[in-house]
Number of protein chains: 2
Amino acid sequence: MSADAVSQDVPGGSGAVDRDALGDLFGALAYAELTASLQLAVDAGRAPGIRVQAALGRMMTVEFGHFERLTSRLAELGRDPEEAMAPFVPAIRAYHERTMPSDWLEGLVKAYVGDGIARDFYREIAVHLDAPDRELVEQVLGDGGQDELVVALVTEAIGADLRLSGRLALWGRRLVGEAIAQTQFVMVERDSLASLILGGGLGAGLDLAELGRMITRLTEAHAARMQRLGLSA
Amino acid sequence: MSADAVSQDVPGGSGAVDRDALGDLFGALAYAELTASLQLAVDAGRAPGIRVQAALGRMMTVEFGHFERLTSRLAELGRDPEEAMAPFVPAIRAYHERTMPSDWLEGLVKAYVGDGIARDFYREIAVHLDAPDRELVEQVLGDGGQDELVVALVTEAIGADLRLSGRLALWGRRLVGEAIAQTQFVMVERDSLASLILGGGLGAGLDLAELGRMITRLTEAHAARMQRLGLSA
């Protein structure tokens with residue numbers, strides 16, 4: 001943490017959080033949104049029919065818009081966006097390399113279930129931010145209506161071919177493991193994020209009970225998403 | 001051509017062109033923009049460094065925005081967008097399958113050179129439209145500033161490794177052949193488009209001299225683009 005990175009220096013709010021931690025959070029989120037957007041495009045290219053391609057393309061542009069809002073905010077904070085994202089590239093790339101969808105349906109489940117866990121994780125961090133930045137994170141983490149669409153498409157596909165249910169349930173279980181591993185790597189990479197999530201500021205120390213409650217919340221939300229898809233968690 | 005597809009029925013302009021021809025043009029363009037957008041995302045995923053990834057991602061969202069504007073106009077014309085696109089899916093897919101970039105640089109050259117030919121072709125058609133639709137096509141075919149960026153990135157890459165020049169020149173020559181084949185398929189597929197391009201309306205008949213002049217214009221514009229990239233056409 002540099003000497004000038006005190007809370008008073010953050011333009012536009014988030015007085016309780018220092019500039020380094022904010023930059024880390026937005027850097028991680030920005031790279032996550034960029035890669036999610038590009039992955040959706042790959043899935044769209046493999047989707048059958050123009051309707052699904054267009055729907056996935058729309059999700060892709062929504063995610064890319066989030067990426068652009070986050071990099072704007074980084075620049076406003078005086079951070080070079082590329083530099084702010086760099087520490088998180090290995091963990092996020094590894095997650096995507098380890099969870100390459102084998103078809104567009106696995107891609108959809110990943111966009112809903114895998115990205116859902118990541119979204120919950122970043123949301124847990126955001127509760128400690130001041131209003132403008134908390135609102136930015138909440139908007140960026142909003143699903144833009146895509147969850148409804150994913151649930152509809154996946155349940156429709158399972159309805160047409162019940163054998164898909166087992167394969168996609170397995171896939172969902174693999175995603176939860178990899179997504180949680182990813183969030184751990186991100187926290188280990190940056191102390192500032194770990195501190196943010198565990199008590200609202202740097203130096204608050206590791207609260208193991210709080211960490212356990214957070215993991216419980218993430219797991220419960222995951223199970224609810226799987227249930228909405230008609231899959232056993 | 002259905003009985004009610006007379007020029008007077010087209011809402012919002014293009015009185016000189018019947019609704020079927022407009023629907024065909026916008027259907028072809030919309031699917032071309034959708035696939036170009038998704039291809040850019042694939043290229044972005046393979047690009048080195050976040051800066052180039054983000055730049056390609058921005059091009060991708062611009063193209064997707066064009067797709068959405070065209071499908072809106074199709075709906076306004078009373079055409080189902082998916083149906084309007086369907087006749088052109090085979091030709092446009094075949095073009096992309098025959099010109100799969102082997103890396104992000106080939107993808108960039110394709111976005112500039114290959115899509116450039118397609119853009120010129122659709123622009124030739126658009127001169128016969130009335131103002132609102134002609135303007136829509138011109139906006140959609142505008143490069144959104146991406147040409148500057150592509151030229152900068154490609155010449156930078158060639159500057160760093162001169163051997164790239166020969167490979168990319170060959171690639172450009174292959175693209176021009178495939179792109180011209182694609183436009184011919186599109187014209188053969190729909191008489192209405194052939195009529196539009198060759199004299200501004202249905203039933204104007206095939207003017208071979210005009211066709212020759214058009215191909216000359218397309219070829220000259222292609223050579224100019226190759227030259228801007230520092231490649232021999």
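Predicted model: local features only at pLDDT ≥ 70, side-chain atom pairs only at ≥ 80, totals over all residues.
Residues are numbered from 1 along each chain as its sequence is written, and chains are lettered from A in the order in which they are written. Local features need pLDDT of at least 70, side-chain atom pairs count only at pLDDT 80 or more, totals for chains, interfaces and linings use all residues, and side-chain values use heavy atoms, with hydrogens and water left out.

At the interface, 25 residues of chain B are in contact with 25 residues of chain A, contact meaning heavy atoms within 4.5 Å. The buried area is about 1,900 Å², and carbon and sulfur atoms give 71% of it; buried area is the accessible area (1.4 Å probe) that two parts lose on being put together, summed over both. Two salt bridges are counted between the chains, a salt bridge being a side-chain nitrogen of Lys or Arg within 4 Å of a carboxyl oxygen of Asp or Glu. Arg58(B) forms a salt bridge with Glu68(A), with 2.5 Å between the closest N and O atoms.

On the side of chain B that touches chain A, two or more residues each come from helix 1 (19-46), helix 2 (50-76), helix 3 (81-85) and helix 4 (89-98). Helices are DSSP runs (H or I, at least four residues), numbered from the N terminus. Helix 2 of chain B gives the most, with eleven residues. By class, this side has 15 nonpolar, five polar and five charged residues; Ala, Val, Leu, Ile, Met, Phe, Trp, Tyr, Cys and Pro count as nonpolar, Asp, Glu, Lys and Arg as charged, and the others, Gly among them, as polar.

Over all chains, 30 salt bridges are counted. One of them joins Arg73(A) and Glu76(A) at 2.5 Å, N to O. These two residues are separated by about one helical turn because they lie three residues apart in helix 2 of chain A.
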